[in-house]
Amino acid sequence: MENRTLPLLSCKDLCVHFPVRGGVLLRQTGAVRAVDGVSLEIQPGETLGLVGESGCGKSTFGKALVRLLQPTSGEVIFQNTNITHLSQARLRPLRRDIQMIFQDPAESLDPRMSVRSIIEEPYIIHGLGSRTERLAWVNELLDRVGLPLSAAERYSFEFSGGQRQRIGIARALALKPKLIVCDEPVSALDVSVQSQILNLLVELQRDFGLCYLFIAHDLSVVKHVSDRVAVMYLGKIVELANSEQIYHNPRHAYTKALLSAVPSTNPLERRERILLEGDVPSPIDPPAGSAFGHRISHPRYNETIGMDLSLKQISNDHWVAADPCCVSEEDWEKLQ
Amino acid sequence: MSETPKKILEVDQLITSFETEKGLLRAVDHVSFSVPEGKTVGIVGESGCGKSVTAMSIVRLLPQPSGKILGGHVYFQGHDLVRASDAELRKIRGAQIGVIFQEPMAALNPVHRIGKQVSEVFRVHQKISKRDAWDAATEMLAAVRIPAPEKRMMDYPHHLSGGMRQRVVIALALACKPSLLIADEPTTALDVTVQAQILDLLKRLQAEMGMATVLITHDLGVIAETCDEVVVMYGGRVVEKASASEIFTNPLHAYTRGLLQSIPRMDTPSKSLLHTIPGTVASLADYTHGCRFCQRMGRTSPVTRERPKFAEVMPGHWVETCPECYGK
C-alpha cells in the first residue's frame, strides 16, 4: 500500500498459536494455528471488514490486535508504538484509543451493574472527570446511541438485544477511541434491528471520525459497512481489496465461493452457485500447501507445497494470495 | 400454481397460548395457512413473532406443561392433529412428519453413537431387526452426503462439525421418507458455505422424495432461494401470505416492505443508511388487540385499535388490511 497516510494500526506477520497438549506429562504435542502470519494496515477513518467462516481465526485476530490475547509472534503497531509486548500497565493509556464491541451483548455486559455504572466504568478506570461530570457524559452517550435517559438506572437484562448492543456501543464510545474492533456486532440481532445498529455505527463513524475493524461472517453486512474487505481462510488473509472490487471482481476462488453462497433476496435472480464440499480443515494440522486448494482438491495443489502464498498486489488497491490453485491462470501470470 | 393442488397440511385458525405468571399469553393468534403437496412454504418473521411456536404446534411439541393449543385445527392428510391422541401422534411424528430443529447439538443425544440414534428411528417406526436398521441408517447417512458413512456411524455427535451434525439431524428427520418436513431454522447456526450445501441437499432430497416442507426462518434470502409460498408473521399473526415471487416483487404490508428494505444488499452502496423499522417487537403480555405493527410504530388512532381483516386482495395474495399498514 502507498504510504500516503500513516496507518492508525498495522500488524506484521501476526501469529496466534494455541498449544495442544497431550500425553501423560501434558507436553505440547501441536498447535492450533488460529492466526498464521497476517499483515494488515488500518487507515485513519476507514472501516476494514474481515470475513471468513467460523473457525477461520477472525475473532482471534481481532482479540490479538487489541492485546486481549498475546500474539505468539509478529508485531502490532498502533500509531508508531509497538504494542506487541507492552505490559498491561503501559498498555492502559492506549486502551483509551482502542475499544471493542462484542457479539453477544448479554454476555459482555455485567448483569449486576446498572447501565449507568457500565458506561461510567471506563471513566473511573482511567480516572476521568468528577462524579457530576461523569453522569453528564453518560447521559450524553445514552442520547447519542438512541437510548432514553431513564435507561441509566436500569439493568442490561431488562433490554432487548438491539438495545443491549446500544449499551455496548455507548461503553465503547465513552473514552472517545480512535479504533473500535467490532466482533460480529449484529449477528445476534433480527434484521430490522440489525439495520438500526448498522446505521448507528455508520453515523458514529461520520461524527467522530472513528475507525472500525468490522469482523463478521455475513458478506452482505460487511460489504455494506466497509471501505476495504479482507477475506480470511484458515488463519491467513487470502484477498484484500476495496469493497466494490471484492463484490464485482473477486479474484480468489474462496472469495468467489463465499459470494455465491450468500442467498439473494431476489427470487427471480438465479445465479451459478459454487458449492464447496466439506468444511474448513482443522487449523491444528493445516495442509502443507494451499489450504483452499486442498479443500477443493485442486490438481495443482502439490505445486503449492512450500510455495510462498502471501498476498501480492494484482491491481490498484487489490491484493490476492499468489496461489495457483485459487486464482485464474491470467491472474497467476500477472502475479509472477 | 395449477388449480387447487392437493393440500397435505392445513392449519386453520390456530391459537396457541402459554401459561405464565402474567396469565395466559397468546403466542399464536388465529393463524391459518396450508401446504400443497410437494411444495415448500416458508414462515418468516423476527424473533418472538410466533413462527417456531406455530411449527411446534403442528406436531404438538410445545414446551410442557405451559404450552397449550386453545383453538383451531391442524389437518394433516385429513386428520386433525390437534385432537389426535398421543399414541396416534407418536406414529405420525418421525414417520409421516419429519422435524429438523435449529440447534443440531441439542437435537442429538451426546452419549449415543450416531449409528444408534439414526437406526433407532427405523427400529421404532418400521419394526425391523437391529442389523437391517443399522444398514438402513448407513444408507440414510450416505443419502445426506456424509462422507464415509460406515465410519461416521460409530462416531459421537461431538466428533462432527456443525454442518455434518445438521446432516445427521436431516437424516433422522427423513429416515422414514415423511410426506411433510418441518424445518425450524435449519441453517441458522451454520456458515454461509455450509448453509448453501444444506439448502441444496434439502432441495434435492425433497425432489427425490416428493415431500412438502414448512421452512421456518428469519432469513429472507433463504426464503427467496427455497420457497414456493411465503407466510409473513408479526406479533403472533399472519400479516401477509403470497407466492414467493409476489412477496419479493410486490410486498403489500408495511412490515414485509420494511423487512425487505432493511437487509443490506450486495448492490447497495457502502455506508448508505439502511431503511429501519423503528421500535422493537412488543412483548407477548403487551400485545394490543388491534393492528400489532401499528402498535410498534406507535400509531393509536381508532382504526388501528380494531383487529384488521385478513383478506385476499389479489388472487393468491392475502394481507392484513389495516388502513395504516396496507394501501398507503
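## Basis of the model

The model is predicted: local features need pLDDT of at least 70, side-chain atom pairs count only at pLDDT 80 or more, and totals for chains, interfaces and linings use all residues. Residues are numbered from 1 along each chain as its sequence is written, while chains are lettered from A and ligands numbered from 1 in the order in which they are written.

## Chain A as a whole

Chain A has twelve helices and twelve strands. Helices (H or I, at least four residues) and strands (E, at least two) are DSSP runs, numbered from the N terminus.

With a radius of gyration of 21 Å, close to the 20 Å that the globule rule gives for 336 residues, chain A is as compact as a globular protein of that length. The radius is taken over C-alpha atoms, and the globule rule is 2.2 Å times the number of residues to the power 0.38. Along the principal axes, the C-alpha atoms of chain A fill a box of roughly 65 × 60 × 45 Å.

## A sheet in chain B

Chain B contains an open sheet of four strands in the order β2-β1-β4-β5, with antiparallel pairing. Its edge strands are β2 (23-36) and β5 (79-80), each of which pairs on one side only. Two strands pair if DSSP finds at least two bridges between them.

Strand β1 (residues 7-20) of chain B pairs with β2(B) in the antiparallel sense over eleven bridges. Leu14(B) stands opposite Val31(B) in β2(B).

## Where the chains touch

In this model, 38 residues of chain A are in contact with 39 residues of chain B; contact requires C-beta atoms, placed from the backbone, to lie within 7 Å. On the side of chain A that touches chain B, α7 (191-208), α8 (219-225), α9 (243-248) and α10 (253-261) of chain A each supply at least two residues. The most come from α7(A), with eight residues. By class, this side of chain A has 17 nonpolar, 15 polar and six charged residues. Ala, Val, Leu, Ile, Met, Phe, Trp, Tyr, Cys and Pro count as nonpolar, Asp, Glu, Lys and Arg as charged, and the others, Gly among them, as polar.

## One helix pair across the contact

The axes of α7(A) and helix α11 (residues 254-262) of chain B come within 8 Å and cross at roughly 50°. Axes are lines fitted to C-alpha atoms, for helices over the stretch in contact, and angles run from 0 to 180 degrees between N-to-C directions. The angle makes α7(A) oblique to α11(B); angles under 35 degrees count as roughly parallel, over 145 as roughly antiparallel, 65 to 115 as roughly perpendicular and the rest as oblique.

Val191(A), Ser192(A) and Ser195(A) of α7(A) make the contact with Gly258(B), Leu259(B) and Ser262(B) of α11(B). These residues divide into two nonpolar, four polar and no charged.

Definitions and conventions:
Two residues are in contact if their C-beta atoms, placed from the backbone, lie within 7 Å.
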